[in-house]
Amino acid sequence: MFGIKINNFRSLNNQKFDFTKVSILIGENSSGKSSLLKFLLFLKRSTKLNSTSFRYTSELGKFDDFVYFHNEELNVSFDLSYGENYINFFNSELGSKEDWKIFCAEALSLKENQRMVNLNFSFNKDIQTTNDVSTTIENPYYGKLIISRSSKESDSVIQGNLCDLSYKSFKQNKEVKLDSVSYNQHGFLTITIGSDIKNKIEKNPDWDNTIFNEIAFLLISQNYTLEILNSISYINPIASTPERAYDENEIQGRLYKVKDIKDVVNILSDQSFDLKVRKGLLNNLNKALRLYGILHEVKTKSSEFGPKELQVKVNKDGVWSNIKDVGYGSSLQIPILFQALIGNLTGGEIIIIEQPEVHIHPLLQAKFIETLLKVGDKNTYIIETHSTDLIRKLQVMVKKETADLTSKDISIYYFKKPKNISEITFHEINENGKLIPKFPSGFYDSSVNLVKELF
């Protein structure tokens, strides 16, 4: 789906990750798994920050807090890379327009090794605002684009934000420099104004519309990045605590990304929100819980302890109980499944899940991943886990092609930290369900080694 390479961030040094439908992060404690997730979430949240608030964030702290080995002389950089998915996005945005049809057809016909678009962002200890983040976008077929944002504010309110573009066309062997191009700022992203670029190119007789098309092809990858980051949801079951009653959320009348049980209760009981959608979500949530085998049914109702409460029925013939009075582990799974259903309803999201196995029996840990991929099949998942049963179940699902899962849908990254740097190995599950290569010693063989100590 997309790739990211992170350099000099905490213990991550020149590490590359290619995310697929299901990406698993597994391995030792304090080895870099959470650092990767925090960095992804920082990128998402940074698009909402204004330029001056970019330097310090609650997630990352100051530069010295997150730079590799606390070495302030290093640059922190990250690369985002896209292939076929971006080509398809670009074509869906512009392919139907008459003046773009030829270029889009060419882009769609590019060979696999020509399709990659790579965005590189870099900054150092002197970063004050997002203007200090250097940006380079490159495609091996079309060319390389460097974006320079001025730290100086524009003299004109009408002009707004301005940047300079320097483009080297590999295809045409031309160099283009465009000064004072208008853009909208979204954190580290520079969303330029296409009409401004087009007008500047048309004024130069040495450049034609094909140059504009090439530059636009690279720049629009930032719009695609924004779309990807906006689609990310994050759920950590530990952060979701069952309560006897829930107050109304200030967000009303629409779907939104849930993070805990309170959000689930708010959406299901929101009278200002479409009743048909709410009933559909509740019905599908109950189907998912039964498929999972963790609960039989849930419902919301008015409570004498507060505005709303969530009631659950553990089995078909059981009695209704307050969510506070049932197993803690069962309640923690509800927000995860509910967000998966919302993602499916909205066309698919990227859902980051941290330790979904918390407080869950091993048998249900295996059942969790199967249920998730069946009820939320349109989503992409990045899951940090320590569960051997979850991995084993994925192996079985690939072999049996459960939920149409294939070997190419799974990527597994095993984290170790022998010293101060993360050592990360990539593993896949082949069509026979075999893990290739095997995990390092200390994961699957841990229980076997303990048994050996008994005899």
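Me: Which residues touch the most other members of the largest nonpolar core?
Reply: This is a predicted model. Its largest nonpolar core holds 75 residues. The members that touch the most others are Leu165, Ile215 and Phe217.

Me: Beyond four places in sequence, which residues is Ile215 in contact with?
Reply: Neighbours within four places are left aside here. Another core, of 54 residues, lies apart from the largest one and includes Val264 and Leu405. The contacts of Ile215 are Leu145, Leu165, Tyr167, Val176, Leu178 and Ile201.

Me: What is the bridge partner of Ser166 in S9?
Reply: S8 also pairs with strand S9, residues 174-186. That pairing is antiparallel and has 8 bridges. In S9, Ser166 has as its bridge partner Lys177.

Me: Which residue takes a positive phi in the hairpin of S8 and S9?
Reply: The hairpin has 4 residues between its strands. A positive phi near 55° belongs to Asn173.

Me: Why is H1 largely enclosed by the rest of the structure?
Reply: Helix H1 covers residues 33-46 and reaches 20 Å from its first C-alpha to its last, close to the 20 Å expected. Its buried residues include Leu36, Phe39, Leu40 and Leu43. H1 is largely enclosed because its buried residues number 11 of the 14.

Methods. Residues are numbered from 1 along each chain as its sequence is written. This is a predicted model: local features need pLDDT of at least 70, side-chain atom pairs count only at pLDDT 80 or more; totals for chains, interfaces and linings use all residues. Side-chain values use heavy atoms; hydrogens and water are left out. A nonpolar core is a set of buried Ala, Val, Leu, Ile, Met, Phe, Trp, Tyr and Cys residues joined through side-chain atoms within 4.5 Å. Buried means under 20% relative accessible area, exposed over 50%, partly exposed in between (1.4 Å probe, protein chains only). Contact means heavy atoms within 4.5 Å. Two strands pair if DSSP finds at least two bridges between them. Helices (H or I, at least four residues) and strands (E, at least two) are DSSP runs, numbered from the N terminus. The expected span of a helix is 1.5 Å times one less than its number of residues.
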